[in-house]
Every structure is written in C-alpha cells, then in structure tokens.
Amino acid sequence: MPEAFTPFVYWAQTESKINLKVDLTNVKDIDVYLEDKKLKFSAFGQGARGPNHYGFKLDFHSPIIPDESDYKVIDRQVDFVLKKSSNSWWPRLTGQPQKPSWLRIDFDKWKSEDADDVEDTVHDICQDYPDMYDRLHKEELGYRKEDLKKVYLVFYNLFQCIGFMYIFAVMGIRYYRDGPDSMQYTYETVGNPMKFIQILQFLEVMHPMFGYTKGSTLVAFLQVGGRAFILFCMIESEERMQTKPVVFYVFLVWTMVEVVRYPYYISQLLNVEIPTLTWLRYTIWMPLYPLGFVFEGIIVLRNIPYFEESQKFTVDLPNSWNFSLHFPSFMRLYLLILCIPGMFTMMSHMKNVRHKKLGKQRIRKKVN
C-alpha cells in the first residue's frame, strides 16, 4: 500500500464536543480507530493531492468519550462529532503545543444557534460573538508557545521523581552494604531530603484547587497530610523513634510508590503512553498502600508511651486560649477514626481509578 498523504482537517469546539471535518471527497475504504485521547484515520479519496490514500493521527489535549462519539461520510467530507469527557473549553485540540500544518480552525462551525431554519441566515461571527475571534486566536497561539502550567508540572514531577529515586538508591546501597544494621540510621541518612520533598508535596493539594490537575483535593490532602503527620509529628519530634526499623520500612513503601507515580505523571504530561508504567501505577498500590498504613499505625502506636512521658504537644489548662489537648489521646483517636477510614477512602479511590484506566475497552469503528 503506498504511503498515505495527510488531508486538511478543520476543527471547532463547543463546551461539550469537538467537531472535525476531514477535507476529502469520494471517500472509500475508510478506517477509523478512536480512543479516549487518540484518533487514527485512513481512507482513499479525492484531496489536495488528487485521488490517493490519505491518513492522519491526532493525540487529543483531553479525553473524549468514544462510546458517545461518531462520524459520518458525506459527499464532500468526513464529519466527526466527538463527545468531551468533561464540559470545558480546550486550549487547543492536540496535546503537544506544536500545531500540525494540516490542522486548521473550522470557522464555518461558529454560527449563531438562533438562526431561523427557514431563512437559513448565517450571522457574522465578529458581530454576533465579539470575543470569539480573540478566543480562536488564542487557541491558535496555544500551539506556538508552551503552556507554562504544563512546563511547571513537568519540572515539579521530575524534581520529585529524582528526590525519591535518590532516597531509594541511598537506602538500597546502605542495606546492601551493611544489611539490617543500616536500618537504625535511615532517618539520620535520608531524613532531611525526605522532609524537604514532603513539604513540596503540599503543592499537590493546591494543584486541583487552582485547576492545574483534575484530582481530588480531599484525597490529596489525606495522603499528603497523613504522611506529614507521621514524618514531622511522629518521627521528627521523637528522637527515640528515629532509630526504629519501622522507619526504614515506611520510607521504603513511600518511595516505591512515588518512583512509579511521578514518572507516570511525566509520561502523561508529555503524551507518551508506556503500558507497563501505566499498569504499575494503578497496580503497585495494592500491596504497598496496606503495608504503608500498617507501618504508619505501628509508628503511632509505639509513640504513645513516649508522648505520655514527654507530654510533648499536650496543652494543659489554664492558658490564655482556654484550650486543652492530651496528645496521646489524640493519637489513639487518630488510629481509630482517621487511620482506618483514611485507608478505606484511599483504597476505594484507587480501585475506582484503576477500573477507569485499565478496565476501559478501546473502540474500533469501520465502515464496510
């Protein structure tokens, strides 16, 4: 089969859907492969290069719903109507900021919906929608310069990935060299870098709030806040806990989760699909999350007598705030009320996300 040429493709969008027009006539042997973030098209037809085989591939900026998307072949073109997975305006059609030379905006789709069917009136886009030209202009410019938000997220995830890989490598090398004796020096060796990258992780709670990511703020807060409580309140604040082997185990679990999670996020930002990495991201949590909750619970439980003795973080009356807190009692409540429900919330969330990511069936459409 000869190499396919690329047809001109025109696109427009509303808040809920994407319209594509493939500029081909007399189309035959059409083959369409549609995924949530990808469209592959090939056909024989009359285009800019005459009667030839034409084809293209699009990696979408955001997911669509293949089951609710469709296309139809008419005499002068092939029309696609793609249903967005969420109602929002895309800054551009494709994930990459470079616009393909054959992709153009379909200005014919930007007409007034109030036009009378009888009169078949076509309104002037500049008169009916004064801000529409600016919006479309920005969409075109979106291909000419990198999205600063995306650049920031790539660098953030890359920095976190390197940080956790460093901790993982240091712990592994020391254990290989010294065996179990290295465990008591885990916090002394990698405690400072762990504290630094853990503080940075609070940015992940704010990312959904500012629209940088689509995750849940509550889930992010439970995960980041829970780790911060263990790291700063339970380990950093009690020197006797810092030499316990359980600190090695909880750091190991945290690190193994993150050396998979952050590379996966980077691959998604760069629109690079790595099936093995995707599978690991949504599978490795199954053994590691329960282990992490067990180790964190052991740290809290073993710290209760230490905090009973030291009375650290305990507030007694009378004081100017007229407030009292018995911290060991709070630790017991944390184990009972926050730890177990927190584990259930996180596991349920990850189970649902795994089903969506790994349980989807791709849709292949073909016209006979």
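**View 1. Val 257, Val 260, Arg 261, Arg 281, Ile 284, Trp 285 and Tyr 289 line the second largest cavity of this predicted model.** A cavity here is a set of points on a 1 Å grid over the protein atoms alone where a 1.4 Å probe fits but cannot get out, and lining residues have an atom within 4 Å of a point. The second largest cavity holds about 30 Å³ of space, where a volume is the space filled by probe spheres set on the points, with grid points joined across faces, edges and corners. Helix 8 (245-269) and helix 10 (285-310) each supply at least two lining residues, and helix 8 gives the most, with three. Helices (H or I, at least four residues) and strands (E, at least two) are DSSP runs, numbered from the N terminus. By class, this lining has five nonpolar, no polar and two charged residues; Ala, Val, Leu, Ile, Met, Phe, Trp, Tyr, Cys and Pro count as nonpolar, Asp, Glu, Lys and Arg as charged, and the others, Gly among them, as polar.

A note before the next views: residues are numbered from 1 along each chain as its sequence is written, and side-chain values use heavy atoms, with hydrogens and water left out. As this is a predicted model, local features need pLDDT of at least 70 and side-chain atom pairs count only at pLDDT 80 or more, while totals for chains, interfaces and linings use all residues.

**View 2. Here is the largest cavity, with a volume of about 40 Å³.** Its lining is made by Met 171, Arg 174, Tyr 175, Ser 182, Tyr 185, Thr 186, Thr 189 and Phe 248. Helix 3 (148-178) and helix 4 are the elements that give two or more residues to this lining, and the largest share, three residues, comes from helix 3. Sorted by class, the lining has four nonpolar, three polar and one charged residues. How many cavities of 30 Å³ or more are there? The count comes to two.

View 3. With 31 residues, helix 3 reaches 45 Å from its first C-alpha to its last, close to the 45 Å expected at 1.5 Å a residue; the expected span is 1.5 Å times one less than the number of residues.

**View 4. Helix 10 bends by about 35° at Ile 304.** The bend at a residue is the angle between axes fitted to the seven residues ending there and the seven starting there. A proline, Pro 305, follows within four residues. The 26 residues of helix 10 should span 38 Å at 1.5 Å a residue, which agrees with the 36 Å between its end C-alpha atoms. Just after helix 10, Gln 311 takes a positive phi of about 60°.

**View 5. Pro 318 lies in the loop between helix 10 and helix 11 (327-358).** The peptide bond from Leu 317 to Pro 318 is cis, with omega near -5°.

**View 6. Asn 26 sits in strand 3 (residues 25-34).** Asn 26 is a residue other than glycine with a positive phi, near 50°. Most residues other than glycine have a negative phi.

**View 7. Strand 9 (residues 363-366) has the lowest confidence in the chain, at a mean of 44.** The score is pLDDT, the predictor's confidence in each residue, from 0 to 100. Confidence is highest in helix 4 (residues 186-200), at 96. Over residues 141-146 the pLDDT is below 50, and this stretch has 16 contacts beyond near neighbours in sequence; contact means heavy atoms within 4.5 Å. Residues 361-368 also stay under 50, with 21 contacts beyond four places in sequence. The mean pLDDT of the chain is 84, and 86% of its residues reach 70 or more.

Definitions and conventions. 1 Å grid on protein atoms, 1.4 Å probe; cavity = no way out; pocket = protein on both sides within 12 Å on 5 of 7 lines; lining within 4 Å.
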